[in-house]
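Please take a moment to look over the structure shown here before reading on. The paragraphs that follow walk through it step by step.

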Amino acid sequence: MAAAAFERRVLRRAAEHHYLRVRLELPDGGARPNAAQFKQLVVTALRELHGEVGAALPVDVLTYEEKSLSAILRVISSGLVKLWSALTLLGFYQNRRCAFRVLQVKPYISVSTCVIWQQ
């Protein structure tokens, strides 16, 4: 009797980036961050949890809506967990309570998706 032969095939391609739709919640009102301040807040969250190595993680703010405090972030896939955890654990913006809410995560995104996510 011949021995059985097994072959493993992995067809799934890993995405280079992941995209997060996030919203910053500021329950007590006050000044709202502009796009540059929002990006700095993301970097601060990474630095506070993961140090300077975390702060060096390449994160892009693809869209930002100051009125709703929502954004679409792009991060290299290997840094997704670091970014997500840093945003989740951030609790203050300019000495005021705040919270990031991760609304959606996707491995791929299209231009039309960016427009839909903003609505």
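How many aromatic pairs does a search of the whole structure find? In this model, which is predicted, the search finds 2 aromatic pairs. One of them is formed by Phe38 and Tyr64, whose ring centres lie 4.5 Å apart and whose planes make an angle of 35°, so that the pair is described as tilted. This pair links distant parts of the chain, for Phe38 belongs to helix α1 (residues 35–55) while Tyr64 belongs to strand β2 (residues 59–65), and the two are 26 residues apart. Because its relative accessibility is 0%, Phe38 counts as buried, and Tyr64, with a relative accessible area of 15%, is buried because this value is under 20%.

Phe38 also forms an aromatic pair with Phe100, and here the arrangement is edge-to-face, with 5.6 Å from centre to centre and 75° between the planes. Again the pair links distant parts of the chain, since Phe38 lies in helix α1 and Phe100 in strand β6 (residues 99–106), 62 residues apart. Both Phe38 and Phe100 are buried. Taken together, the ring pairs link Phe38, Tyr64 and Phe100 into a cluster.

Which strands form the open sheet, and in what order? There are 4 strands in it, arranged in the order β2-β3-β1-β6 with antiparallel pairing. At its edges stand β2 and β6, each of which pairs on one side only, and from one strand to the next the twist averages 25°. Within this sheet, β2 and strand β3 (residues 70–76) pair in the antiparallel sense over 6 bridges, and Val61 stands opposite Leu73 in β3.

Helix α1, the element that holds Phe38, packs on the sheet, where this helix touches β1 (17–25), β2, β3 and β6, and the direction of α1 makes about 140° with that of β2. A further helix, α2 (residues 80–89), lies across β1, β2, β3 and β6 and runs at about 145° to β3. Returning to the cluster of Phe38, Tyr64 and Phe100, the reader may trace its rings from helix α1 to strand β2 through the pair of Phe38 and Tyr64, and from helix α1 to strand β6 through the pair of Phe38 and Phe100.

Technical notes
Residues numbered from 1 in each chain as written. Predicted model: local features only at pLDDT ≥ 70, side-chain atom pairs only at ≥ 80, totals over all residues. Heavy atoms only, no water. Phe/Tyr/Trp six-rings, centres within 6.5 Å; stacked < 30°, edge-to-face > 60°. Buried < 20%, exposed > 50% of the residue type's maximum accessible area, 1.4 Å probe, protein only. Pairing = 2+ DSSP bridges. Axes fitted to C-alpha atoms, helices over the stretch in contact; angles between N-to-C directions. Contact = heavy atoms within 4.5 Å.
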